[in-house]
Amino acid sequence: QVQLVESGGGLVQAGGSLRLSCAASGSIFSINTMGWYRQAPGKQRELVTIIGSGGSTKYADSVKGRFTISRGNAENTVYLQMNSLKPEDTAVYYCNAVALSFGSTRFVDFWGQGTQVTVSS
């Protein structure tokens, strides 16, 4: 199995910045993509951004120009730099990895436990 551990959430004022980190570990043979999703109260979980193994990225329109995803020097680590935060960014942020475990024959989704980001106005 694959475990994802997130860190870096918290409370920040509108216009401020936060940086989230996610480290994947466990029985990892290969990772296709890593990314971040978020879920606000009463809403469905939505894609924030993902990064492919080759470095290609995709962002939700709502965060383009404000958020940046990057891979760390450490293997299987990904970061989310969030700038110019708005109250509507308030949500639980979940790290996601589409990965192939040793002994498995297909890529599956793995999820972190989530980290709360709260932006006050």
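Guide: A search of the whole structure, which is a predicted model, finds 1 disulfide. The disulfide is formed by Cys 22 and Cys 95, whose sulfur atoms are 2.0 Å apart. The torsion about the S-S bond of Cys 22 and Cys 95 is about -85°, so the disulfide is left-handed. This pair links distant parts of the chain: Cys 22 belongs to strand β3 (residues 18–26) and Cys 95 to strand β9, 73 residues apart. Both ends are buried: Cys 22 has a relative accessible area of 1%, and Cys 95 has a relative accessible area of 0%.

Asn 76 is found in the loop between β7 (67–71) and β8 (77–82). With a relative accessible area of 18%, Asn 76 is buried, because the cut-off for that class is under 20%. Leaving aside residues up to four places away in sequence, Asn 76 touches Cys 22, Ala 23, Ala 24, Ile 28, Ile 31 and Met 34.

Strands β4 and β9 run antiparallel and are joined by 10 bridges. Ile 28, one of the residues that Asn 76 touches, stands opposite Ser 101 in β9. β4 also pairs with strand β5 (residues 46–52), again in the antiparallel sense, over 6 bridges. There, Thr 33 has Gly 52 in β5 as its bridge partner. β4 and β5 form a hairpin with 6 residues between them, and Gly 42 in the turn has a positive phi of about 80°.

Next come the rings. The count comes to 2 aromatic pairs. Phe 29 and Phe 102 form an edge-to-face pair, at 5.3 Å centre to centre and with 80° between the planes. The two residues come from distant parts of the chain: Phe 29 is in strand β4 (residues 28–39), whereas Phe 102 is in the loop between β9 (91–101) and β10 (108–111), 73 residues apart. Phe 29 is exposed, with a relative accessible area of 54%. Phe 102 also counts as exposed, at 52% relative accessibility, because the cut-off for that class is over 50%.

The rings of Tyr 37 and Trp 111 have their centres 5.0 Å apart and their planes at 70°, so this pair is edge-to-face as well. Tyr 37 lies in strand β4 and Trp 111 in strand β10, so the pair ties together parts that are 74 residues apart in sequence. Tyr 37 is partly exposed, with a relative accessible area of 21%, and Trp 111 is partly exposed, with a relative accessible area of 36%.

The charged end of Arg 45 sits over the ring of Trp 111, 4.6 Å from its centre. Arg 45 also lies over the face of Tyr 94, at 3.7 Å from the ring centre.

Definitions and conventions
Residues numbered from 1 in each chain as written. Predicted model: local features only at pLDDT ≥ 70, side-chain atom pairs only at ≥ 80, totals over all residues. Heavy atoms only, no water. Phe/Tyr/Trp six-rings, centres within 6.5 Å; stacked < 30°, edge-to-face > 60°. Helix = DSSP H or I, 4+ residues; strand = E, 2+ residues; numbered from the N terminus. Buried < 20%, exposed > 50% of the residue type's maximum accessible area, 1.4 Å probe, protein only. Lys NZ or Arg CZ within 6 Å of the ring centre and 35° of its normal. Contact = heavy atoms within 4.5 Å. Disulfide = S-S within 2.5 Å. Pairing = 2+ DSSP bridges.
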